Amino acid sequence: MNITQKIKVELANLKKKGAEYADARFYPSRETESITFLQGNLKECRSSATTGIGVRVLYNGAWGFASSSLTENLPALFGSAFENAVAASNRLSFPVKLANRKPITAEYSSPRRIDPFDISVSEKLDFLRKIDKKLEHNIVAQRISYVTSDKQKIIFIDTDGSHIEKNICDTFAGMKVIGVEKNGNSQERSYELGGDGFGTRGWEALVSGDKFPENADRIVDELSQILVAESAPKDTRSVILLPGIMFLQTHEVIGHALELDRILGYELSYAGGSFVRLEDFGKLRYGSDKLTVRADGTLPNSPGSYGYDDDGVECQDTVLIDKGILKNAITSRQTIVEANEKAGEKIFEKAGGCARASNFNRIPLERMTNINIDPGNDGSLNDIITSTESGIVLDGARSWSIGSNREQFHFANEIGWLVKDGEKGEVVKNPTYSSDTLPFWRSLSAVGDKSTAELVYVPNCGKGLPSQQMYLGHLIPVCKFDNVKTGE
Amino acid sequence: MKAKIKKLLAELNNFARGKNITAEYLLHAEKSNLIRLANSAVSLNTSEELVKLIVTSRRGRRAGTYSITTDLSAIDRMKSAIVSADEIAQSADEVNYDVTLTPMTQLPDDDVNFDDALVGMNSSEKLDFINKAVGTLETDKIKLSGIFSTGAVWEAVANTLSESVLFHSVSDGQISLELTHSELKWEIAATQSAISKSDLNPEKIQSQLSTLLNIYQNTSPEIIKTGKYDIILSGEALAELIGMMEYIGFSGGLFKRKMSCLRDEHLGKKIFDDKLTIVDDPAVRETFPSVFDYNGNQRSKFTFVENGVFKQFMWDRDSADEFNEKETGHDVSGLSTVISSGNELVSSINDIPENKELTLFIPHLHYMNIVNMTEGIITACSRFGALIFDKENKIRVPFNFRLTDNFFNIFNDIEWISNETVAVNTSNSYGMRSPAAAFVPKFIKLKNISITHVNKSF
Ligand SMILES: [Zn+2]
């Protein structure tokens, strides 16, 4: 018997023992590679290989989970997950029920032309060495460039008869320059590889075109301006957020706030809750009518598109906020049943395909897919600047800190450009802005057109206990918000 | 497990030596169990077993690293990991400085802080503890969340320059229980850190929760004004703050890379209130210490700040090599942070001495981040039971608020530090299990801290 056959036998045994449902995720191989240059030195050249199985069992309405990198004793592993579920069922308040869905047999591969693991270490070093050289400049005190690749093969099997095989390969890459002001304080400017949601994201995504050389020149030039710039003003004005910060604004204060497990209180012991209540769906004015947000797992090419989630549900394109009104959430099979029952009405029609685990040894949770903002009718970045009386254009995420119910936030940026009477003016350093959540989104006064949108990759979204780091994306246009507190 | 791991690493080392590969290794095994609670129920009960080998091959100034997560019995895969690391090293670029690799001196096994009873606790014992700790505090409106995490780590390090295998193992427990009002949305919490089963004390948790619950149930919350306040931090909030400062202040490598708020001009100078003393002390068992680092350096007490004076930077081996400094035994997964206690007799919030000005109490900091590294500016929100002590020491309840200030100001004027101390478990569960805790005063009072945002609701 091969290992998938053995897994099926163990799953069947769990059913015999009284499990309502069980699934297993087997990672025959997960390979990663990361290479980092720091100040001309190759600081990290590291590969890894992982094998393991995670087993999730639902018994009497309670979850048990067990995982192991030791794949030789499957009965012990599956037995441990079952015992954990039995123990958990001793303290229950709302028994877990899973929304119906048809079992699926399917395969999914992320789009790529050149497997980064087929590229030699020497070739990768050549690529990064060139970037490192490009960042070398008399105003740059420290320069960093990196590439990481992650290739996962995941086999999902459940007691309903689903069998899904996924082959997902992601590559993240970026660079950063740090410079020192006369007073000894440092400033930074960075660039991360992104996309547009289409095409492929194998090794070819890094080397095609001049993304890295062009952006290397740009970030060094911008750093040189920041180093001699005045401090950003401390007042109230319009903020024009470029995708390099707008993605994080969306991520933190829409994405996380709309995870249904957070709304139901499942993250209160760590990440926090949400100001959103079940009665808000269909009614709450989240933002101005320029705001339409979707969780789009069907975008052809993004770290936030993965075919099928770890509930065995297909990825979907779900409108979360429609012209400013809250419509839907980031959901899983478990949470929609609980939310609908608790609300006493059918708020959620079907599971959103958003349950994902970061590795074999973690349980699936509500995770963002691609949380995108629909492009608007307010033209280009220039058009938005021209229509602004007093504002600041902001880019780069230096710091982010959000209230535990996502009711307020504080962001610090790498760079700002003042805007006065429709003209983009000088660069300012140390810009920050902060606000309460709803007044901020309701002050959205301009959304850039498609030409302003970029797909930003997020390799490090943290959530859950035990903690999980997840990959996802945000396809985001330039947005403008009015009367925002800046400089604190 | 101990014998198995030591023997396995010795065998791998022999293999590498036979192949003329120069290599260093960390062999890590862990066992974890975590019960997570939400809405007064167990939302997850999870167990995990994991074995990981990290091997770095060194060819002079070239290095390559390969790690595998696998079975302890997969010795052939581990051997091929060594060969793979060496292949990477062959292709790697040289760094522009000399790289240190020294033979490891055999040290006695470091396993005194291992308690089988803690690691072996089963789910029903943990649920009993939780039920005792919460007692009758839950209601249909007041719901329990939290975690009860226990585990063990077995680690061995070695390199091909000697046959020594250094072994370290530790058990750890982390409990945090929160009570939340499902409609009013306020939250209170109590935490506990354990290195052995006998450290577990459900009554202590219940006493902390009941004190805060009593205040929160009987007091209407109010919106405070932004501005400067005197602030009392709990041990938990202090440990988190100091953890962040260790990261952006005490690392020699970060200082040389122009990313640190402390620089050479601060060395030997008084930068904080003289009541503040911060050391890294592996003799303090509550911190899950390791007596050697990953390079086999024996660790000893290391002073960062003494009576407000900044004494020295810590140097990991790679930074020390690059910047021509001496390594200080700090290639570890977590420091053994100890902050000296003070003279104020404060054991709980009931003992807080009278305040001349309206004073805020922050039990926990939520979502701290670094606004500006070199200026040492951080921002974070209050969470899990903030309080207001007014001038008559009457206790009131604020909605949560945001603190944004720099470390130089935050620790510039310390009114008092409590005489009692507490172990605060600061472990996170990303990547490998690596227990960490700080041993800190239970309370500290800081003067003149900036509150930059106030919430209007919970
Ligand atoms: Zn996130």
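Reader: Hi! How far is the sulfur of C169(A) from the closest cysteine sulfur?

Author: Hello! This is a predicted model, and in it the gap is 17 Å, with C45(A) holding the closest cysteine sulfur, so the two are too far apart for a bond.

Reader: Thanks. And is C169(A) buried or exposed?

Author: C169(A) has 1% relative accessibility, so it counts as buried.

Reader: How many disulfides turn up over all chains, then?

Author: Zero, from a search of the whole structure.

Reader: OK, switching to the metal. Which protein donors does the zinc ion have?

Author: There are H251(A) and H256(A), each through NE2, and C461(A) through SG. They lie 2.0 to 2.4 Å from the zinc ion.

Reader: What spacing do those donors follow along the chain?

Author: The pattern is H-x4-H-x204-C. H256(A) is in the loop between α6 (243-255) and α7 (260-263) of chain A, while C461(A) is in strand β22 (residues 454-463) of that chain, so this pair ties together parts 205 residues apart in sequence.

Reader: Nice. Are H256(A) and C461(A) buried or exposed?

Author: Both H256(A) and C461(A) are buried.

Reader: Now the hydrophobic side of things. Which residues touch the most other members of the largest nonpolar core?

Author: F407(B) and F411(B) do, in a core of 103 residues. The element giving the most to this core is helix α6 (residues 235-249) of chain B, which supplies eight residues.

Reader: What is F411(B) in contact with, leaving aside its neighbours within four places in sequence?

Author: Its contacts include L238(B), L241(B), I242(B) and M245(B). F411(B) also meets F272(B), D273(B), L276(B) and L446(B).

Reader: Last topic, the interface. How many residues does each chain bring to the contact?

Author: Chain A brings 90 residues and chain B brings 80 residues. The area buried between them is about 6800 Å², and carbon and sulfur atoms give 44% of it.

Reader: Which residues in chain B lose the most area to chain A?

Author: R36(B), Y367(B) and Y430(B), which together make up 10% of what that side buries.

Reader: And how many salt bridges are found across the interface?

Author: Seven between chain B and chain A. For a pair to look at, the side chains of K43(A) and D318(B) form a salt bridge, at 2.4 Å from N to O.

Terms used:
Residues numbered from 1 in each chain as written. Chains lettered and ligands numbered in written order. Predicted model: local features only at pLDDT ≥ 70, side-chain atom pairs only at ≥ 80, totals over all residues. Heavy atoms only, no water. Donors = N, O, S within 2.8 Å, 3.2 Å for Na, K, Ca; no water. Helix = DSSP H or I, 4+ residues; strand = E, 2+ residues; numbered from the N terminus. Buried < 20%, exposed > 50% of the residue type's maximum accessible area, 1.4 Å probe, protein only. Core = buried A, V, L, I, M, F, W, Y, C linked by side-chain atoms within 4.5 Å. Contact = heavy atoms within 4.5 Å. Disulfide = S-S within 2.5 Å. Buried area = accessible area lost by both parts, 1.4 Å probe. Salt bridge = Lys/Arg side-chain N within 4 Å of Asp/Glu carboxyl O.
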